[in-house]
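The exercises below are meant to be worked through with the model open, and each is followed by a solution that goes step by step.

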Amino acid sequence: MISFNNFYQQIASNRLSHWLLDLPKQLDDWNKNHLHGEFAQWTKALSNLPTPETTTVDLTTQVQAGLLEEMSDGERKKLEHLLMKLKPWRKGPYNIHGLHVDTEWRSDFKWDRLKSHISDLSNRYVLDIGCGSGYHLWRMRGEGAKFVVGVDPTQLFLMQFQAVQHFIQDDAVNLLPLGVEQLPELKAFDTVFAMGVLYHRRSPIDFLYQLKSQLSKGGELVLETLIVDGDEHTVLVPGERYAKMRNVWFLPSGKAMCAWLERCGFKNVRWVNTDQTAFEEQRKTKWIDTESLQDFLDPNDPNKTIEGYPAPKRAIFIANV
Ligand SMILES: C[S@@+](CC[C@H](N)C(=O)[O-])C[C@H]1O[C@@H](n2cnc3c(N)ncnc32)[C@H](O)[C@@H]1O
């Protein structure tokens, strides 16, 4: 059972108070009915985490909590052992009292690609839909966001977030175990991020409307997704698998993505970055037991997936409501 009372108390006195109409019931239901088979083990690992004094937190150049000298080598070994129970660690990296959690993804690369293009996050209410373990939530807070909420239905990622939160202890950064489809129309966030999620949605246009309905007037959407080359009419709907993933539905061209955003009523649509995923950004480390990018591409042609589709190319779009 995870308590979200602290989150409820915070939003009761901020501009998200109308969320209290739906949220406690949804999360009670989640606590009662939807817990993963390994949930008890994960909770046990969390409850055994060491509790050193954490004097230093850096969220501006990395996600780092605590100094090496604030934790003994023995405690750090214990920390590593406990965090390993929360594998696979996909999004990161994290540095906790000198322990380098070298995640599969260098999520900082994505942050570096988008940072100069987005509006200043100072004092903003920010929502990150499909936030994974919450790496970018911390970076948003590092850029001055006032209140940061991530939603992601994958329970392991909530556990990983809570492990990092255990050391950082910042009430203004929260992750809720919800899917985008469970959000009411909050119309309350200054910036909404949706990165790496659109291609997993079976109905991408509905998804864009869901994102729109979270933004306050004048707010900004930051959307990152896989694209293919082509004109505004080009969209790839792969077969059963794309780069070994079963849940990939729509890969538009960059121009088609802009057209979709405009069709959904977004204004000032900008396509600001394109990047083909490199092995330095997604690779196997000791923090995952599964395959990684190298196994998803054609061994003879890194520009193709193993199924023969164009290799993953990611683009960032910014738009306003
Ligand atoms: C490719 S990851 C992207 C993570 C992170 N946003 C990033 O850019 O690194 C996709 C994420 O979407 C989450 N997801 C899956 N279904 C979702 C849903 N219905 N609503 C919101 N997020 C979802 C997954 O759990 C996963 O963490």
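Predicted model: local features only at pLDDT ≥ 70, side-chain atom pairs only at ≥ 80, totals over all residues.

**Exercise 1.** Is Lys110 buried or exposed, and which residues does it touch?

Solution. Lys110 is found in helix 5, which runs over residues 107-114. With a relative accessible area of 8%, Lys110 falls under the 20% cut-off and is therefore buried. Not counting residues up to four places away in sequence, Lys110 touches His136, Met195, Gly196, Glu224, Glu281 and Arg314.

**Exercise 2.** How are helix 3 and helix 7 oriented to each other, and what kinds of residues make up their contact?

Solution. The axes of helix 3 (residues 39-47) and helix 7 (residues 155-168) come within 10 Å and cross at roughly 5°. Angles under 35 degrees count as roughly parallel, so helix 3 and helix 7 are roughly parallel to each other. Next, look at the residues that meet: Phe39, Trp42, Thr43 and Leu46 from helix 3, and Gln155, Leu156, Met159, Gln162 and Ala163 from helix 7. Sorted by kind, the residues of this contact are six nonpolar, three polar and no charged.

Technical notes. Residues numbered from 1 in each chain as written. Heavy atoms only, no water. Helix = DSSP H or I, 4+ residues; strand = E, 2+ residues; numbered from the N terminus. Buried < 20%, exposed > 50% of the residue type's maximum accessible area, 1.4 Å probe, protein only. Contact = heavy atoms within 4.5 Å. Axes fitted to C-alpha atoms, helices over the stretch in contact; angles between N-to-C directions. Parallel < 35°, antiparallel > 145°, perpendicular 65-115°, else oblique. Nonpolar A, V, L, I, M, F, W, Y, C, P; charged D, E, K, R; others polar.
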